[in-house]
Every structure is written in C-alpha cells, then in structure tokens.
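Please find below my notes on the model you sent. They are set out as numbered points and can be read next to the structure.

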Amino acid sequence: MGEQITEHQIKMFEQDGAICIRNLLNDAQLETLKIGAHKAMSIAPTDPGMYYFKRIRLWQKISQLKEICTESHLPRIAATMLRTKKLNLLYDQLFVKDTTMVERTTWHNDQPYWPVRGGSALSLWIAVEDLDASMGTLEFIRGSHLWNAWYQPLIGSEHGTIKSMPEAQKGYIPMPDFEAERDQHEMIMWDLNAGDAIVFNALTIHGSTGNTSSNAIRWAYSIRYAGKENRYFDVRNIPGHNIDLENPALKTNDPLDSEMFPVVYQTT
C-alpha cells in the first residue's frame, strides 16, 4: 500500500514532474471514495454547459470525500512529496469521461489557472476504477515542470478541448502546440488499477486521451494540495482562470489558510 513514500520516489517526482504510486488507497478507502464519487454525480453543476469541470470542491458537500481529502494519509503523502511542513487543501475534482468524450483533453499545466503562487503545488489523480489509455488516461511531458512555464490559461469546452485561446497576459506565455511537437518531448503515462494514483506537479504539462472504449466510463478523482510557501494570488483579471477558486476572504500575498483552503497537515 502507498502509505510510505521513499526518497527515491520523491526524487523521481522532482525530476520527472509526475510519478505513479500503486495502491495509494486500501480497499476500505477505495470503497469510501466510490460512495462519495457516486453521490457527487447527483449534484447538479452550476453551469450545465461546463459539467466536466464544475464537479469541484466536493469535499465541502460530501462527507466521504472530505474524509479522503482531509482525514486520510493523503495529506501526509502530499506534504512528503513537496518536502513541506504545512499543507493546504485547495480543492478536489471528479472527472467522469464517458464514451461520448472521444476528443483528447488539450495539453496544459494547472497552476496558471489557480490563485496560488510562491511555491510548489501538486495533484493526486486517483483511479476510482481500473483504466487504460483507451478510456482516457493522463499523459505528461517528462520534466516540463522544471521549465517554470506559466502558460496563458485556455478557455475550454465541457470536453476539455480548446474553445478559445486568449491573448497572453503579462507574466504568461502562449501555449505551444505540443501535440504537433510530440517527437520533441518525452511523454509518460500509466495504466492504472482502482486505488492507484498519479502524483504530479501543478506546472507539469499534461493532457488526456479521449475515451475511445466501446462501453467503459473513466472515473478519476483528483485532490489539489499546496505547500507552506504558497500565497494567494488574485487571478480575477486573467482570462481562463478558474472562477470557482476565487476566495473572497483572501487578497494577494495572504497565506492560503482559510475555510476554503484549510490546513490539512502541519508538523514542526
């Protein structure tokens, strides 16, 4: 079980920007996650046209998901990977990709969409059911987090394809066409069993294959954590940012500690 992280795993995460941890959740935790995930599907998104990206901050509504995000060993795992003594929960997100979603989710990195600056953040992307590339697994550009590239957030469709590409704002650069540049980069990906997870840096460039299976639904649950060094950053004027992460209790350069971004792990 993935309760203990080795120094080798941390170094691979720091080098590659993404690693796979097998059996991150035990059977009981996986069952808790499945119950919570199915409950989440009954919650109507605020904007039906963006259902794929609106299933976020579920831990605030569903007890089983709060347990996984805040009361399990996962905060400690994330803190260990980030080598930080304090960890804030940013948000959680449920991705359900059915067989109508055959387009790939476009290449991007996550942190430019978030109101978080000043340090490293990561995602734990957990397979709720077994999945492989035919169902829409994640694909990463190895080492791309080390570029420290803040790509202009894209405005996406409900399927994760590009709806529009805003002009790059100050401090951001345009997103290259990585699909056309595949031969210039080393891509990494994994098939996952239920309970396995991919841990990846919030600046690692990644995308997702479409669900081209005939009848399988891809269920994945992602938890985003930020380390002690991070501060809040007001992104309201940046096109494409995630408006559901705006925190009215905070202003730029404030610590993240708040009801919306609670401290879930701390050590001396």
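**Notes on salt bridges, ring pairs and buried segments**

1. Asp257 and Lys86 form a salt bridge, with 2.9 Å between the closest N and O atoms. A salt bridge here is a side-chain nitrogen of Lys or Arg within 4 Å of a carboxyl oxygen of Asp or Glu. The pair links distant parts of the chain, 171 residues apart: Asp257 is in the loop between β13 (231-232) and β14, and Lys86 is in strand β2. Helices (H or I, at least four residues) and strands (E, at least two) are DSSP runs, numbered from the N terminus. Asp257 is partly exposed at 37% relative accessible area, whereas Lys86 is buried at 11%. Buried means under 20% relative accessible area, exposed over 50%, and partly exposed in between (1.4 Å probe, protein chains only).

2. On the basis of these values: this is a predicted model, in which local features need pLDDT of at least 70 and side-chain atom pairs count only at pLDDT 80 or more, while totals for chains, interfaces and linings use all residues. Residues are numbered from 1 along each chain as its sequence is written, and side-chain values use heavy atoms, with hydrogens and water left out.

3. The whole structure holds 12 salt bridges. One of them joins Glu7 to Arg83, with the closest N and O atoms 2.7 Å apart. Glu7 lies in helix α1 (residues 7-16) and Arg83 in the loop between α5 and β2, so this pair ties together parts 76 residues apart in sequence. Both residues are partly exposed, Glu7 at 38% and Arg83 at 43%. Glu14 joins Glu7 and Arg83 in a network of salt bridges.

4. Asp234 and Arg236 also form a salt bridge, at 2.6 Å between the closest N and O atoms. Asp234 is partly exposed at 28%, and Arg236 is exposed at 55%.

5. How many aromatic pairs does a search of the whole structure find? There are 5. Rings of Phe, Tyr and Trp (its six-membered ring) pair if their centres lie within 6.5 Å; planes under 30 degrees apart count as stacked, over 60 as edge-to-face and the rest as tilted. The rings of Phe140 and Trp190 have centres 6.2 Å apart and planes at 55 degrees, so the pair is tilted. Phe140 is in strand β6 and Trp190 in the loop between β9 (187-189) and β10 (197-201), so parts 50 residues apart in sequence are tied together.

6. Phe140 also forms a tilted pair with Phe200, at 5.0 Å centre to centre and 55 degrees between the planes. This pair links strand β6 to strand β10, the two residues being 60 apart. Phe140 is buried at 0%, and Phe200 is buried at 1%.

7. Strands β1 and β10 run antiparallel and are joined by 4 bridges; two strands pair if DSSP finds at least two bridges between them. Strand β1 (residues 18-21) is covered on both faces, with Ala18 and Cys20 buried on one side and Ile19 and Ile21 on the other.

8. Gln152 sits in the loop between β6 (138-141) and β7 (155-156) and is buried at 2% relative accessibility. Its side chain reaches the backbone nitrogen of Gln169 at 3.1 Å, a polar contact (a pair of N or O atoms within 3.5 Å; within protein, one must be able to donate a hydrogen and the other to accept it, and residues adjacent in sequence count only if both atoms are side-chain atoms).
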